Amino acid sequence: MSERILLIEDEEKLARMVEMELKYEGYEVEKALNGRSGLDLALSGGFDLVLLDIMLPQLSGMEVLRRLRRESQIPVIMLTARDSVVDKVSGLDSGADDYVTKPFAIEELLARIRAALRSKGGGPAVPLSVGPLVMDVDRHQVTVRGQGVELTKKEFDLLHHLLENKGRVLSREALLDAVWGFDFVGETNSVDVYIRFLRSKLDDAFGLKLIHTVRGVGYVIKEE
């Protein structure tokens, strides 16, 4: 059965875009455009996760979260302003499971949703794979045809994000935001550099063609 997600967001254009992306990924989605109706829906049960904006009419996102936490431990991902550190800290302190800053890449949001739902399940993460490559997230291990591959933390995180979006073309900006974070200060070609590192350790070392460049767009991991 598909997971059900409640989206509480008053920006209708953003809400429609997120709803379409979530439905495309196979989730069932219900929307609320203000905090009061969103809280009522969240308390009615039947949802697996809540996406909760902070700036909402009628009832703020923080107040929705505080009231919801009195009744439920459903995973909540806050949607916050990009530069609002106070909102992020307050949300996490009030019981939010995670936050995503606006404007966000949809790939990052989807990855955080999957992580929150896995955590809710309480079981081990399902290994990720493409061709002969297998990633065991819980053990932080990568193997190709059973042979271990040593990766740095950043290489592992980048490969993890690619595998979570297998077959989906990700822009450099989306990868930078998801793996390095919105507040990253450094060279803008960091993604290209680490893609080369991964190709050297995976594609070149094992004679594979898993990480593909889509010219003018970004990168995708898939079987040749």
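**Ground rules**

I am working on a predicted model, where local features need pLDDT of at least 70, side-chain atom pairs count only at pLDDT 80 or more, and totals for chains, interfaces and linings use all residues. Residues are numbered from 1 along each chain as its sequence is written, and side-chain values use heavy atoms, with hydrogens and water left out.

**Confidence**

I noted that pLDDT is the predictor's confidence in each residue, from 0 to 100. The protein averages 87, and 88% of the residues score at least 70. Which element has the lowest mean pLDDT? I found helix 4 (residues 85-93) there, with 67, while strand 11 (residues 211-214) has the highest mean, 96. A reminder to myself: where pLDDT is low, the predicted coordinates should not be read in detail.

**Overall picture**

I counted secondary structure as DSSP runs numbered from the N terminus, with helices as H or I of at least four residues and strands as E of at least two. The protein has eight helices and 12 strands on that basis. Of its 224 residues, 48% are buried. The accessible surface (Shrake-Rupley method, 1.4 Å probe; for residues, only the protein chains shown count as cover) comes to about 11,500 Å², and carbon and sulfur atoms hold 48% of that surface. I then turned to contacts, meaning heavy atoms within 4.5 Å. Among contacts with a separation of 6 or more, 58% are between residues 24 or more positions apart.

**Strands 4 and 5**

For pairing I used the DSSP rule that two strands pair if at least two bridges are found between them. Strand 4 (residues 76-81) and strand 5 run parallel and are joined by five bridges. Opposite alanine 81 I found lysine 102 in strand 5. Why is strand 5 (residues 98-102) largely enclosed by the rest of the structure? It is so because four of its five residues are buried.

Next I traced an open sheet of four strands in the order 6-7-8-9, with antiparallel pairing. Its edge strands are strand 6 (128-130) and strand 9 (147-148), each of which pairs on one side only.

I followed the sheet through its hairpins. Four bridges join strand 7 to strand 8, and the two run antiparallel. Aspartate 136 stands opposite glutamine 141 in strand 8. The hairpin of these strands has four residues between them, and histidine 140 in the turn has a positive phi of about 55°. That histidine 140 lies in the loop between strand 7 (133-136) and strand 8. I also checked its C-alpha distance to lysine 153, 13 residues apart along the chain, and got 9.1 Å.

Strand 8 (residues 141-144) continues into an antiparallel pairing with strand 9 through two bridges. Valine 144 has glutamine 147 as its bridge partner in strand 9. This hairpin has two residues between the strands, and arginine 145 takes a positive phi near 55°.

**Rings and charges**

I searched for aromatic pairs, meaning rings of Phe, Tyr and Trp (its six-membered ring) with centres within 6.5 Å; planes under 30 degrees apart count as stacked, over 60 as edge-to-face and the rest as tilted. The structure holds one. Tyrosine 194 and phenylalanine 197 form this edge-to-face pair, at 5.2 Å centre to centre with 75° between the planes. Both lie in helix 8 (residues 190-206), three residues apart, about one turn of the helix. Tyrosine 194 is partly exposed at 23% relative accessible area, and phenylalanine 197 is partly exposed at 38%.

A charge sits over a ring if NZ of Lys or CZ of Arg is within 6 Å of the ring centre and within 35 degrees of the ring normal. I found arginine 4 over the face of phenylalanine 47, at 4.3 Å from the ring centre.

**Two helix residues**

Is glutamate 19 buried or exposed? This residue of helix 1 (residues 12-24) counts as buried at 15% relative accessibility. Leaving aside residues up to four places away in sequence, glutamate 19 touches Leu7, Val29 and Lys31.

Leucine 176 in helix 7 (residues 172-180) is buried too, at 17%.

Conventions:
Buried means under 20% relative accessible area, exposed over 50%, partly exposed in between (1.4 Å probe, protein chains only).
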